[in-house]
Amino acid sequence: MALSALWYLRRLSRMGPREVGGRVGDAVRRRRWRSALPDCPRVTGARFTAVLPPGTIEAVPPDAAKRLVAEADRLMAGHAEFFGVVRDDLVDPDWWYDPKTGRRAPWGYAFGLPYRDEEAVGDIKQIWEPSRHQYLTVLAAAYALTGDDRYAERVAAHLRSWWAANAPLRGVHWISGIELGIRLLSWVWIRRLLDGWPGAAALFEDNPVALNQIWHHQRWLAAFPSRGSSANNHVVAEAAGQSAAACAFGWFPASARWRADALRSLERNLRSNTFRSGLNRELATEYHGLVLELGLAAVAEADAAGVPVPASVRLVLLRMTDALAAVVDGRLRPPRQGDADDGHGLVVDGAGTDRWASLLATGDAVFGRLGWWPTVTGTDVRTPLLTALVRPYAKDGSAPAVTRPAHRQDHFADAGMTILRGPTESGATESGAAESGAAESGRTESGPAEIWCRCDGGPHGFLSIAAHAHADALSVEVRHDGVDVLADPGTYCYHGQPKWRQYFRSTLGHNTLQLDGGDQSVSGGPFLWTRHARSRVLVADTSGTGVARWCAEHAGYPGSVHRRRVELSAVARELRVVDEVRGPRRAVRLAFHLGPAITADLTGNRALLTWTRDGEERSAVLDLPGELRWRAHRGESDPPLGWYSPGFGRKVPATTLIGSGFADGAARPAEFAAVLRFSD
């Protein structure tokens, strides 16, 4: 989808003078670079010294190693899946081909290519993802674990193929800084993991083609940082990749300057992208994970090179880790909030490895777990590899003293996120008794399954464009023993499918209330919001007195105020959601999106919900507001309704219950009450 002149005007309106000036400078530089591509400085005597300490590979748990090798063998056979598209061409990949649309991206000067136009280029995410070379880090890790030269030789062949096909500044792989940053981080780890292979030096430091690519990647990142209203997770990826490469591949005259500038950028942007509570300001959970992974990887490279890291970098990563430990449910699943595109900072694990458990395991090794943290029983490859390089927080002399939460935090005032849970009497939800297997199963030691409810009363998103935000003010997300009951439907897509992009980020696409058929916030494009709904939390009582309460409101619909109250009774196993609308008579639609595992039998305004968890039949009753007319929708496409996206590029049918009617809150608030009762 080509962007219109109107989009550019809207986008310009969200920039400040400093950002406009910076982007004008970028445009001038891009024109100059088109005709003046410098040569990489001559490098002599380069050596790679940022190797893993002895014994690191032996510390990898056997089951994690087994998963990794199985994944590597699938890749060796040419099989992979990217965003729901299964590929069998990875023995000899076409780096510009999109298997989803069958299109091949055009050749040309990178900054002149219409990469957002799927008709001209194909699905750019499908083209970019393999070229992050994170599947090659898996193959390189398989070599490190097994010593089998086949893996190393495949990695070398693919890198040489990519370098030959993607000359500096030519083609779509030189357009986006986040792609260059993550690719550099992958190359650093590939070189490290291949260190025992006889051909490693000839592939990297003794290879003029590799040196040219590494130098041009870093030159690009130094020249074109994401700025202003775009300084979100992208700028963190750029800084992390640049600092990692400048530490591990510090072979160039500019390496020291690149390293220092990148670490300053990392420090500044980690702070600006993170609330003081530790949650990511984009209010998109997967980007919390991505930024945390990138930050840890950057610190690992600096520590391995003996380069001082600004003290606040470790402090922010510590807070992010504690925040993640606080918001996950009993099955270690975090909220499904905002955009999610399955992006990772460093991949060295096989299929079946739990990303969030892996991050918490790494956080335990680097920062030390607190007594209220959930128990992590899974294993991974990344934690022993990464933490072999990172200096533990307690042993880092530059790390500032910090008071960490004595108890699990359930209300994050700056982010507007509140987690209601029940029951609260066991360690699975509050005390250090979480050391038992109760947290792993999602059940408390006394029996009842955990009810987990996320309430959203925070800012619409981050920066003036809120690129990865959804119009989800006052939405709730409810799980029972880790199963999505009232689900956040997810993201599904970014480019090329505008009606689906609009639906998955819309107000109707979330468990909240819509007025007059519109969104609470106004969209100006697929990554642009021109008016943001403002929410405020009025009550957040998670004190564990038997009933947890939350109340918030927003005025995203001019002339009206939507207020929502949520109460969770752990004893009654009941969640009550009450919506109030103040203002003139308006059409209203209230949505409850059920998870894909839930079967719903709707009769009038009562829905019987059933599902299976670990072979056990579970059920609940959802009593819906009788003032509205209720219909069940599932897997509808025109317009989209009744879908759940388990991952980027994938969607499955799921039941959505929609109540339609009117709200006349001119004289007194119109009220709609729903009650969800669980059978256990």
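## Strand β8

Both faces of strand β8 are covered: V476, V478 and H480 on one side are buried, and so are E477 and R479 on the other. Five of the five residues of β8 are buried, and the strand is mostly covered. In a regular strand the side chains alternate between the two faces of the sheet. The model described here is a predicted one.

β8, residues 476–480, has a partner in β7, and the two pair in the antiparallel sense over five bridges. Within that pairing, C453 has V478 of β8 as its bridge partner. β8 is also joined to β9 by three bridges, and these two strands run antiparallel. Here V478 stands opposite L486 in β9, while R479 stands opposite D484 in β9. The hairpin of β8 and β9 has two residues between the strands, and D481 takes a positive phi near 55° in this hairpin.

## The five-stranded sheet

β8 and β9 belong to an open sheet of five strands, in the order β5-β6-β7-β8-β9, with antiparallel pairing. β5 (411–412) and β9 (483–486) stand at the edges with a single partner strand each, so one side of each has no neighbour in the sheet.

A helix lies across part of this sheet. Helix α14, residues 311–327, lies across β5, β6 (417–422) and β7 (451–456), and runs at about 40° to β6.

The crossing of α14 and α15 is left-handed. On the α14 side the contact is made by R314, L317, L318, T321, L324 and A325, and on the α15 side by W356, L359, L360, G363 and F367.

Is L359 buried or exposed? The residue is found in helix α15, which covers residues 355–367. L359 has 2% relative accessibility, and because buried means under 20%, L359 counts as buried. Apart from its neighbours within four places in sequence, L359 is in contact with G289, L292, E293, L296, L324 and R382. L359 and S131 are 228 residues apart in sequence, and their C-alpha atoms are 24 Å apart in space.

## Helix α12

Helix α12 runs over residues 255–272 and has 18 residues. From its first C-alpha to its last, α12 reaches 25 Å, close to the 26 Å expected at 1.5 Å a residue.

Which residues of α12 are buried? They are S255, W258, A262, L263, S265, L266, E267, N269 and L270. An α-helix has 3.6 residues a turn, so residues three or four places apart point the same way.

Helix α8 covers residues 177–193, which makes 17 residues. α8 reaches 24 Å from its first C-alpha to its last, close to the 24 Å expected at 1.5 Å a residue. Because 17 of the 17 residues of α8 are buried, the helix is largely enclosed by the rest of the structure.

α13 is a packing partner of α8: the two helices pack at an angle of about 50°, and their axes are 12 Å apart. α8 and α13 are therefore oblique to each other. The crossing of α8 and α13 is left-handed. The contact is made by I182, L185, V188, W189 and R192 of α8, together with L294, A297 and E301 of α13.

Strand β23, residues 643–647, is largely enclosed by the rest of the structure, because four of its five residues are buried. β23 pairs with strand β24, residues 650–653, in the antiparallel sense, over three bridges. Across this pairing, Y644 stands opposite V652 in β24.

How many residues lie between the strands in the hairpin of β23 and β24? There are two, and G649 takes a positive phi near 85° in this hairpin. In the hairpin of β8 and β9, which likewise has two residues between the strands, the positive phi belongs to D481.

Definitions and conventions: Residues numbered from 1 in each chain as written. Predicted model: local features only at pLDDT ≥ 70, side-chain atom pairs only at ≥ 80, totals over all residues. Heavy atoms only, no water. Expected span 1.5 Å × (residues − 1). Buried < 20%, exposed > 50% of the residue type's maximum accessible area, 1.4 Å probe, protein only. Pairing = 2+ DSSP bridges. Contact = heavy atoms within 4.5 Å. Axes fitted to C-alpha atoms, helices over the stretch in contact; angles between N-to-C directions. Parallel < 35°, antiparallel > 145°, perpendicular 65-115°, else oblique. Left-handed = near helix turned anticlockwise from the far one by under 90°.
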